[in-house]
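Please keep the sequence and the 3D view at hand while reading.

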There are 2 protein chains.
Amino acid sequence: MLRVSKLTDYGTLVLTHMAGFPDHLFSVAELTQILHLNAPTISKVLKALGRHELVSSVRGARGGYALARPATQISVAQIIDALEDQPFGLTECSATAGTCDIEGDCRIRANWQRINTVVRRVLDDVCLADMVEPLPLATEARMVRHATPAIKCTPQ
Amino acid sequence: MLRVSKLTDYGTLVLTHMAGFPDHLFSVAELTQILHLNAPTISKVLKALGRHELVSSVRGARGGYALARPATQISVAQIIDALEDQPFGLTECSATAGTCDIEGDCRIRANWQRINTVVRRVLDDVCLADMVEPLPLATEARMVRHATPAIKCTPQ
DNA sequence: TTAAATAGAACTATATTGGTCCTATTTGAA
DNA sequence: TTCAAATAGGACCAATATAGTTCTATTTAA
């Protein structure tokens with residue numbers, strides 16, 4: 001469907017809120033009230049984010065979660081990696097080798113991989129800090145500058 | 001899952017093959033033999049592509065399909081639009097308004113939309129002709145040049 | 001010792017997708 | 001005129017993926 005899963009969407013929402021209060025330890029209960037999401041859902045998301053070291057957790061009474069590092073150092077791509085089950089790639093065969101019978105003489109797989117690289121780079125270049133505030137019409141984006149020329153399109 | 005559907009994948013494969021023979025009218029049976037996909041699947045894909053005017057069809061005996069326009073004028077984004085059920089967008093709320101309770105005070109929706117715009121532009125800038133041959137390490141990509149600065153990432 | 005918290009894993013229900021099949025329509029050719 | 005070869009459209013079922021919930025274990029402050 002070319003959509004990120006809802007868990008990933010929730011994850012960006014949760015992390016974006018947490019980014020506004022870097023020193024605060026958030027419990028699931030607290031985030032539930034603020035974000036109007038169900039507690040089990042928030043809990044599930046934070047557990048996965050913890051496993052991927054995007055948040056750090058403190059267990060026990062008075063425990064909770066906080067960002068594991070500054071919001072400028074957490075990218076949307078990293079959130080996707082943590083919350084999506086499959087490895088990154090717009091098609092199955094371009095993400096994982098050996099999933100398709102005709103892989104041997106497939107002519108488009110390599111090109112899908114190039115597309116993946118460029119899309120990935122876009123997502124690498126958006127960080128949590130960018131998601132916190134409604135962005136003004138931005139100046140030259142690092143994202144765009146950074147995108148290397150991976151694909152040539154025949155001029156039309 | 002941040003994946004294009006299999007139908008979309010099949011669609012690019014079929015169209016890429018057809019792009020190599022612009023004047024030939026392909027029947028489903030013919031494509032079946034060449035591409036090693038099942039006939040009903042190829043048929044389904046081509047019908048959808050026809051509805052979106054990416055291929056033109058000739059009905060009746062000796063009928064078949066051909067690209068509706070030159071391969072330089074069919075983009076991967078258009079193929080996705082034709083074969084995916086949902087409108088383009090990495091999250092549901094950023095693709096379709098009114099799908100989320102908390103849309104009113106959601107802080108990240110607008111930023112997802114900016115991300116959508118940039119990703120979309122990447123896909124707009126890859127055309128079928130680009131998928132036909134294994135691309136050499138390409139020179140400056142129109143795709144990249146074209147991507148406008150929609151998102152600012154705080155320098156790290 | 002207890003209550004408040006996270007950790008992990010399993011489970012169920014729903015939604016989406018993939019794939020197939022059926023019927024209608026069109027059209028070239030015998 | 002009839003038949004066979006083709007596409008058009010839609011409905012359907014099976015498989016997969018996702019969402020959401022629940023249960024048990026563990027940790028730790030008070």
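## Helices H2 and H3 of chain B

The crossing of H2(B) and H3(B) is right-handed, a crossing being left-handed if the near helix is turned anticlockwise from the far one by less than a right angle, and right-handed if clockwise. Their contact is made by Val28(B), Ala29(B), Leu31(B) and Thr32(B) on H2(B), and by Ala39(B), Ile42(B), Ser43(B) and Leu46(B) on H3(B), where two residues are in contact if their C-beta atoms, placed from the backbone, lie within 7 Å. By class, this contact has 6 nonpolar, 2 polar and no charged residues (Ala, Val, Leu, Ile, Met, Phe, Trp, Tyr, Cys and Pro count as nonpolar, Asp, Glu, Lys and Arg as charged, and the others, Gly among them, as polar).

The axes of helix H2 (residues 28-35) of chain B and H3(B) come within 9 Å and cross at roughly 120 degrees; axes are lines fitted to C-alpha atoms, for helices over the stretch in contact, and angles run from 0 to 180 degrees between N-to-C directions. H2(B) and H3(B) are therefore oblique to each other (angles under 35 degrees count as roughly parallel, over 145 as roughly antiparallel, 65 to 115 as roughly perpendicular and the rest as oblique).

## How to read the model

This is a predicted model, in which local features need pLDDT of at least 70 and side-chain atom pairs count only at pLDDT 80 or more, while totals for chains, interfaces and linings use all residues. Residues are numbered from 1 along each chain as its sequence is written, and chains are lettered from A and ligands numbered from 1 in the order in which they are written. Helices (H or I, at least four residues) and strands (E, at least two) are DSSP runs, numbered from the N terminus.

## The hairpin of chain B

Strand E1 (residues 55-58) and strand E2 (residues 64-67) of chain B run antiparallel and are joined by 4 bridges; two strands pair if DSSP finds at least two bridges between them. Val55(B) has Leu67(B) as its bridge partner in E2(B). The two strands E1(B) and E2(B) form a hairpin with 5 residues between them, and Gly60(B) in the turn has a positive phi of about 85 degrees.

## Around DNA strand C

Among the 28 residues around DNA strand C, those that come nearest are Met1(A), Ser57(A), Ser5(B), Lys6(B) and Gly60(B) (a residue is near a molecule or strand if its C-beta atom, placed from the backbone, lies within 6 Å of it). H3(A) gives the largest share of this surface, 4 residues. By class, the surface near DNA strand C has 9 nonpolar, 10 polar and 9 charged residues.
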